[in-house]
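Here's a quick walk through a few spots worth a look. Have the viewer open and follow along.

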Amino acid sequence: MSVDGGWRGRGKVRARRAEDGAVEIVMDGITTQARYYKPLVYEFFRKEAWLRPSFGDFHVHIAMEHLGEAPNLDLDNLAKALCDALIGFVYVDDSQIARLLVERLPGERDQIRVRAIKAPTASRF
């Protein structure tokens, strides 16, 4: 189901394809258990079934936004859970991730944002 701004889903997880082709995902709330996110995102995409995985390299940005004190959550575990959840929906395998940025930021609410976009073919550092 599509909602305002091209967002699909209602409840804890929402996603859309941005104008630049990126897949953007927002999850409301934060738990200290990173393993919670993999089945949450996987089930969302399984039910929505609007994405097909692509080949090629991807850049992935994960931002954990928190209101008040930062939760005690290992960002590396969060990244692994979320990257695994996107397999078969955004990309074919998480080995396609050429650049990964994971950060904890103050925000207006507790949420996790994920943005995955195909890498430019001539990407240089």
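## Helix H2 and its cover

Let's begin with the buried residues of H2, which are Leu75, Leu78, Ala79, Ala81, Leu82, Cys83, Asp84 and Ala85. Keep in mind that this is a predicted model. With eight of its eleven residues buried, H2 is mostly covered.

What does the covering? The buried residues of H2 have a cover that includes H1 along with strands E2 (23-28), E3 (58-66), E4 (97-106) and E5.

## How H1 sits against H2

Take H1 next. Helix H1 runs over residues 37-48 and helix H2 over residues 75-85, and the two pack with their axes 8 Å apart at an angle of about 20 degrees. An angle under 35 degrees counts as roughly parallel, so that is the label for H1 and H2. Their crossing is right-handed.

On the H1 side, the residues in the contact are Tyr37, Lys38, Val41 and Tyr42, and they meet Leu78, Ala81, Leu82, Asp84 and Ala85 of H2. Sorted by type, the residues of this contact come out as seven nonpolar, two charged and no polar. Leu78, Ala81, Leu82, Asp84 and Ala85 also turn up among the buried residues of H2.

## Aromatic rings around Tyr42

The model has five aromatic pairs in total. One of them joins Tyr42 and Phe89, edge-to-face, at 5.4 Å centre to centre and with 65 degrees between the planes. Since Tyr42 lies in helix H1 and Phe89 in the loop between H2 and E4, the pair ties together parts that are 47 residues apart in sequence.

Are the two partners buried or exposed? Tyr42 is partly exposed, at a relative accessible area of 38%, whereas Phe89 counts as buried, at 12% relative accessibility.

## Gln111 and Glu65

Now over to the strands. Gln111 is in strand E5, which covers residues 111-118, and Gln111 is buried, having a relative accessible area of 6%. Which residues does Gln111 touch, once those up to four places away in sequence are set aside? The list is Val26, Met27, Asp28, Gly29, Ile30, Ala63, Met64 and Glu65.

That last one, Glu65, belongs to strand E3 and also counts as buried, with 16% relative accessibility. Apart from neighbours within four places in sequence, Glu65 is in contact with Ile30, Leu105, Gly107, Arg109, Asp110, Gln111 and Arg113. Ile30 therefore shows up in the contacts of Gln111 and in those of Glu65.

## Arg109 in the E4-E5 loop

Follow Glu65 to one of its partners, Arg109, and you land in the loop between E4 and E5. Arg109 is partly exposed, at a relative accessible area of 46%.

Which residues is Arg109 in contact with, leaving aside neighbours within four places in sequence? They are Asp28, Glu65, His66 and Leu67. Take Leu67 for a sense of the fold-back: Arg109 and Leu67 are 42 residues apart in sequence, while their C-alpha atoms are 5.2 Å apart in space. Asp28 is on the contact list of Arg109 and on that of Gln111 too.

Key. Residues are numbered from 1 along each chain as its sequence is written. This is a predicted model: local features need pLDDT of at least 70, side-chain atom pairs count only at pLDDT 80 or more; totals for chains, interfaces and linings use all residues. Side-chain values use heavy atoms; hydrogens and water are left out. Axes are lines fitted to C-alpha atoms, for helices over the stretch in contact, and angles run from 0 to 180 degrees between N-to-C directions. Helices (H or I, at least four residues) and strands (E, at least two) are DSSP runs, numbered from the N terminus. Angles under 35 degrees count as roughly parallel, over 145 as roughly antiparallel, 65 to 115 as roughly perpendicular and the rest as oblique. A crossing is left-handed if the near helix is turned anticlockwise from the far one by less than a right angle, and right-handed if clockwise. Contact means heavy atoms within 4.5 Å. Ala, Val, Leu, Ile, Met, Phe, Trp, Tyr, Cys and Pro count as nonpolar, Asp, Glu, Lys and Arg as charged, and the others, Gly among them, as polar. Buried means under 20% relative accessible area, exposed over 50%, partly exposed in between (1.4 Å probe, protein chains only). Rings of Phe, Tyr and Trp (its six-membered ring) pair if their centres lie within 6.5 Å; planes under 30 degrees apart count as stacked, over 60 as edge-to-face and the rest as tilted.
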